[in-house]
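Hello,

Here is the structure you asked about. My notes follow below it.

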Amino acid sequence: MPGPRLAGKVALITGAGGGIGRATAERFVEEGAKVAVLEINRELGEAAAASARAMAGNAGGDAHFIHCDVTEKASVTAAVAETIRRFGKLDILHNNAGGSTPQDGSVTEASEEEFWRVIKLDLFGTFLCSKVAIPEIAKSGGGSIINMASNLALMAVPGRAAYGAAKGGVASLTRAMALDHAKQKIRVNAIAPSVTLSDRVKKLLDSNPGISKLAESHLFGLGQPIHIANMAVYLASDEAAITTGQIMSVDSGVTIY
Ligand SMILES: NC(=O)c1ccc[n+]([C@@H]2O[C@H](COP(=O)([O-])OP(=O)(O)OC[C@H]3O[C@@H](n4cnc5c(N)ncnc54)[C@H](O)[C@@H]3O)[C@@H](O)[C@H]2O)c1
């Protein structure tokens, strides 16, 4: 039997209170990682850390909630410092916090506020957390950064101009970081999910009568958070030793349909 895939690793996951981030925290702990659960919503963050801790078994995994707003430098700096204090080092950063809203639209429809909201959270938040975490990952001899893109970084979908721009930026930033930090033995990849049934997305879809049409373009049905979490485990682990600069689609085939 192979051992736990993330034994001895310390990971930091942003926006880990809900959906994909919470499922990833649970899978990382199950695979033996010690996980800093960074989240802006205290209640969600505490609950996710508790549920991840319950997955620990005998693999040595653990989870700890740290309050953080990924768009504020002082908050990110304090959260990374708290991770090091608690777990001694940092090997893995998963920039997961983000998401679209119904306020998105075409360029002529979407407000400037919505454009800057999503750029600030999804793109700048990824830049900022990476900026603060990379020196710590380098100190531990290298590691893995996993950014969160979207199928919308790879294809156009009507009415999602601001979100598509932010996630396209995340994809480009992923390649830039992969090249710049290879010498520090840091691999940088992104995951590009399509529709994934987190609670937030379930609510959005409840008000969308086009859901069955949407599901048809997903060859194996709509995704669940665990499907994305399983890709994150691979990218975080040493199994992915030469995988860097890639945008990994986990999208039920939607980008080839
Ligand atoms: N669910 C999907 O269909 C889907 C598809 C493609 C990409 N993604 C991406 O996956 C990621 C997770 O999506 P999800 O559906 O699990 O979202 P979610 O809303 O369920 O979870 C995101 C979490 O981030 C937290 N958060 C928001 N702002 C924050 C901030 N400033 N600082 C720290 N935490 C903050 C939220 O409180 C929430 O708990 C996002 O980047 C999203 O764009 C999701």
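G88 is exposed, because 10 other C-beta atoms lie within 10 Å and a residue counts as exposed at 12 or fewer. Please keep in mind that this is a predicted model. G88 sits in the loop between α3 (73–87) and β4 (92–95). Computed along the chain or through space, how far apart are G88 and T126? They are separated by 38 residues in sequence and by 23 Å in space, C-alpha to C-alpha.

Next, the ligand. The shell around the ligand holds 30 residues, and those that come nearest are G15, G18, G19, G98 and S198. Two or more shell residues come from each of α1 (19–30), α4 (112–139) and α6 (199–206). Sorted by class, the shell has 14 polar, 11 nonpolar and 5 charged residues.

One of those elements, α1, also packs against helix α8 (residues 225–236). The two axes are 8 Å apart and meet at an angle of about 50°, which means that α1 is oblique to α8. Their crossing is right-handed. On the α1 side the contact is made by G19, I20, A23, T24, R27 and F28. These residues meet P225, I226, I228, A229, N230, A232, V233 and A236 in α8. The residues of this contact comprise 10 nonpolar, 3 polar and 1 charged.

Regards

Methods. Residues numbered from 1 in each chain as written. Predicted model: local features only at pLDDT ≥ 70, side-chain atom pairs only at ≥ 80, totals over all residues. Near = placed C-beta within 6 Å. Helix = DSSP H or I, 4+ residues; strand = E, 2+ residues; numbered from the N terminus. Nonpolar A, V, L, I, M, F, W, Y, C, P; charged D, E, K, R; others polar. Axes fitted to C-alpha atoms, helices over the stretch in contact; angles between N-to-C directions. Parallel < 35°, antiparallel > 145°, perpendicular 65-115°, else oblique. Left-handed = near helix turned anticlockwise from the far one by under 90°. Contact = placed C-beta atoms within 7 Å. Buried ≥ 20, exposed ≤ 12 C-beta atoms within 10 Å, placed from the backbone.
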